[in-house]
Amino acid sequence: MNKTTLVLALGLCALAGTALAQPGDYPSKPIRLVIGFAPGGAADYVARAMSDALGKSLGQPVVVDNKPGNGSSIAAELVAKAPPDGYTLLIASPSSISVNPALNPKLAYSARDLKAVTKMTTSPLVLAVNPATGIQSIADLIAAAKKDPGKLNYSTSGNGSAPHLGAALFSQVTGVEMTHIPYRGGSLAIQSVMAGDTQLTFGTSPSVLPMASGGRLRALAVSTSERSPLVPGLQGMKEAGLPGYNLEFWYGMFVPAGTPPAIAKKIFDATTAAMQQPSVKASLARDGTEVSLSSSPEQFEAFLAEDGKFWVKLVKSANVKVE
């Protein structure tokens, strides 16, 4: 072996040693937690409820970064293209992982570009209306929508979002026609209903319930077939007269594909520890969100494979299109 070859070999060994050592050094700087919706919505609420606890578990500050737009795909693409070093995390919903790729095959990312870490929360959506509509029940809503097809406007946090698909499923099951008005986040969608610009929404629990308790919205039912202990006092869809309707919503933690398994495991362990903190659980429960953790990244991946079938089938059967 000549001198040049020896130096090159030693250099490659040093680089390999550095790469192998990196997971053990992680984390050594602040971590960016990206969410695909505007401040004030459910994703933002979940992120901010647990970010301090996550930072304590990891031993570094966790900075929440809102990147709303394009049904949360802007945030998902950003994280998918970030260095796979554990310093850019994503809190995502079915919109980013299953719905957007099904709606738009030309997206600049796919679900394969993101590595699943763990499911974090689960909750029903809440169907709510502006009290000025006079709508008191699901039956009233169906009657009003059938009386004037397309006149009722429903707001959502974006095209392809869970609230959008919740309303699409409602129209499919009931045969009513309503007009979709997408916004750049859940808080903006809720504000539009309160202002009377739209008449109803299938909102996430943290977005809807505070406004419903204050009388600014009227909550009619949860989106699950049965009543939810997370939202006491509201009918499930079966009780409300729609036995064929059932939809549940979740948020999960993701990192860029290619993130070393040792780093992904640290993020899994830290997220699990953070979400199990009593203060985090209590904060989320107050607004109808339940901590729901995966037993492992592999278990979350298996869940996504099955759950994705539901969302993709709904996109196709409800004929949801990119707007």
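Six salt bridges are present in the structure, a salt bridge being a side-chain nitrogen of Lys or Arg within 4 Å of a carboxyl oxygen of Asp or Glu. The structure is a predicted model, in which local features need pLDDT of at least 70 and side-chain atom pairs count only at pLDDT 80 or more, whereas totals for chains, interfaces and linings use all residues. Residues are numbered from 1 along each chain as its sequence is written, and side-chain values use heavy atoms, with hydrogens and water left out.

One of the salt bridges joins Asp44 to Arg48, whose closest N and O atoms are 2.7 Å apart. Both residues belong to helix α2 (residues 42–58), where a spacing of four residues places them about one turn of the helix apart; helices (H or I, at least four residues) and strands (E, at least two) are DSSP runs, numbered from the N terminus. Accessibility is described here as buried under 20% relative accessible area, exposed over 50% and partly exposed in between, with a 1.4 Å probe and protein chains only. On this scale Asp44 is buried, at a relative accessible area of 7%, while Arg48, at 43%, is partly exposed.

A further salt bridge links the side chains of Lys265 and Asp269, with an N to O distance of 2.9 Å. These two residues lie in helix α9 (residues 261–275) and are again separated by four residues, about one turn of the helix. Lys265 is partly exposed at 41% relative accessibility, and Asp269 is likewise partly exposed, at 38%.

In helix α11 (residues 297–317), Glu306 and Lys309 are three residues apart, about one turn of the helix, and they form a salt bridge in which the closest N and O atoms are 3.0 Å apart. Glu306 counts as partly exposed, with 48% relative accessibility, whereas Lys309, at 52%, counts as exposed. Side chains of opposite charge can pair when their charged atoms come close.

Several backbone features were also identified. Tyr26 and Pro27 are joined by a cis peptide bond with omega of about -10 degrees, and Pro27 is located in the loop between α1 (3–25) and β1 (31–35). Ser72 is a residue other than glycine with a positive phi, near 80 degrees; Ser72 sits in the loop between β2 (62–66) and α3 (73–80) and is buried, with a relative accessible area of 3%. Asn319, found in the segment after α11, also has a positive phi, in this case near 55 degrees.

Two cavities of 30 Å³ or more occur in the structure. On a 1 Å grid over the protein atoms alone, a cavity is a set of points where a 1.4 Å probe fits but cannot get out, and its lining residues have an atom within 4 Å of a point; grid points are joined across faces, edges and corners, and a volume is the space filled by probe spheres set on the points. The largest cavity contains about 150 Å³ of space, and of its 20 lining residues the closest to the centre are Ser157, Pro163, Gly186, Thr204 and Tyr251. At least two lining residues of the largest cavity come from each of α2, α6 (162–174), α7 (186–195), β7 (200–204) and β9 (248–256). The lining of the largest cavity comprises nine nonpolar, 11 polar and no charged residues, where Ala, Val, Leu, Ile, Met, Phe, Trp, Tyr, Cys and Pro count as nonpolar, Asp, Glu, Lys and Arg as charged, and the others, Gly among them, as polar.

The second largest cavity, with a volume of about 40 Å³, is lined by Gly36, Phe37, Ser72, Leu90, Ile91, Ala92, Ser93, Ser96 and Tyr251. Strand β3 (residues 88–92) makes the greatest contribution to the lining of the second largest cavity, with three residues. Five of the residues in the lining of the second largest cavity are nonpolar, four are polar and none is charged.

The mean pLDDT of the protein is 91, and 93% of its residues reach 70 or more, pLDDT being the predictor's confidence in each residue, from 0 to 100. Over residues 3–10, however, the pLDDT is below 50, and beyond near neighbours in sequence this stretch has one contact in the model, a contact meaning heavy atoms within 4.5 Å. Where pLDDT is low, the predicted coordinates should not be read in detail.

Technical notes: 1 Å grid on protein atoms, 1.4 Å probe; cavity = no way out; pocket = protein on both sides within 12 Å on 5 of 7 lines; lining within 4 Å.
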